[in-house]
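This briefing treats strand pairing and aromatic contacts in one protein model. Please consult the sequence and the structure shown here.

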Amino acid sequence: MSFFFGGIVLIYAISGFTLNHKHDFNAEYAIRQHRFRTEGTFPKSEHDYTKNYVLSILEPLGEATAYTKHYFPDSTHMKAFIRGGSSLVVDMRTGEAVYESVKKRPLLSVMNRLHYNPGRWWTVFSDVFAGSLVLITLTGLVMVHGGKGLWGRGGIELVAGILFPLLFIVFS
């Protein structure tokens, strides 16, 4: 069972780390920007950006089949929406374009979902897992005897381990 629980602890630790750093790293999605120049003469007007023309820009990016719609957020830009969250913005004066690719990170996004309690079955499993961790910890505390055990250095480390996270709560 220790290997089983070890696997679960690793999943929680890795996903917990990524969630702690969500302001530094997006564990859910890989977002990349690609800048390029569209072909043709410019400036162009809104009337030039028909659905077929926008699809022709999206084709080399492999996104033509994922096109949903496009619009003009201002008089100089066209924005196309792509299924899955990706987008394309074209400067109609110069033809300069920015393609923003948004792809779900398959492993990390699934691992992170476990922290958000994805369903009743996970609640039951998490409760059993938490109880098992308590049992493993309590039995481990009484296994070592003497000066290194619970009534010696081990007890001091246990109290320090309990106080350490509480200090963060008190002083934050």
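In the hairpin of S4 and S5, four residues lie between the strands, and Gly-95 adopts a positive phi near 85°. The model is predicted: local features need pLDDT of at least 70, side-chain atom pairs count only at pLDDT 80 or more, and totals for chains, interfaces and linings use all residues. Residues are numbered from 1 along each chain as its sequence is written, and side-chain values use heavy atoms, with hydrogens and water left out.

**Strands and hairpins**

- Strands (E, at least two residues) and helices (H or I, at least four) are DSSP runs, numbered from the N terminus.
- Two strands pair if DSSP finds at least two bridges between them.
- S4 (residues 87-91) and S5 (residues 96-104) are antiparallel and pair over four bridges.
- Val-89 has Val-98 in S5 as its bridge partner.
- S3 and S4 also run antiparallel, joined by five bridges, and His-77 stands opposite Asp-91 in S4.
- The hairpin of S3 and S4 has four residues between the strands, and Gly-84 takes a positive phi near 100° there.

**Aromatic pairs**

- The structure holds 12 aromatic pairs, where rings of Phe, Tyr and Trp (its six-membered ring) pair if their centres lie within 6.5 Å.
- The planes of Tyr-71 and Phe-81 meet at 5° with the ring centres 5.6 Å apart, so this pair is stacked (planes under 30 degrees apart).
- This pair links distant parts of the chain, 10 residues apart: Tyr-71 belongs to strand S2 (residues 67-74) and Phe-81 to strand S3 (residues 77-82).
- Phe-125 is partly exposed at 25% relative accessibility, whereas Phe-129 is buried at 7%.
- One aromatic cluster is formed by Phe-4, Phe-5, Tyr-12, Trp-121, Trp-122, Phe-125 and Phe-129.

**Charge over a ring**

- The charged end of Lys-44 sits over the ring of Phe-42, 5.3 Å from its centre; the criterion is NZ of Lys or CZ of Arg within 6 Å of the ring centre and within 35 degrees of the ring normal.

Note on methods: Rings of Phe, Tyr and Trp (its six-membered ring) pair if their centres lie within 6.5 Å; planes under 30 degrees apart count as stacked, over 60 as edge-to-face and the rest as tilted. Buried means under 20% relative accessible area, exposed over 50%, partly exposed in between (1.4 Å probe, protein chains only).
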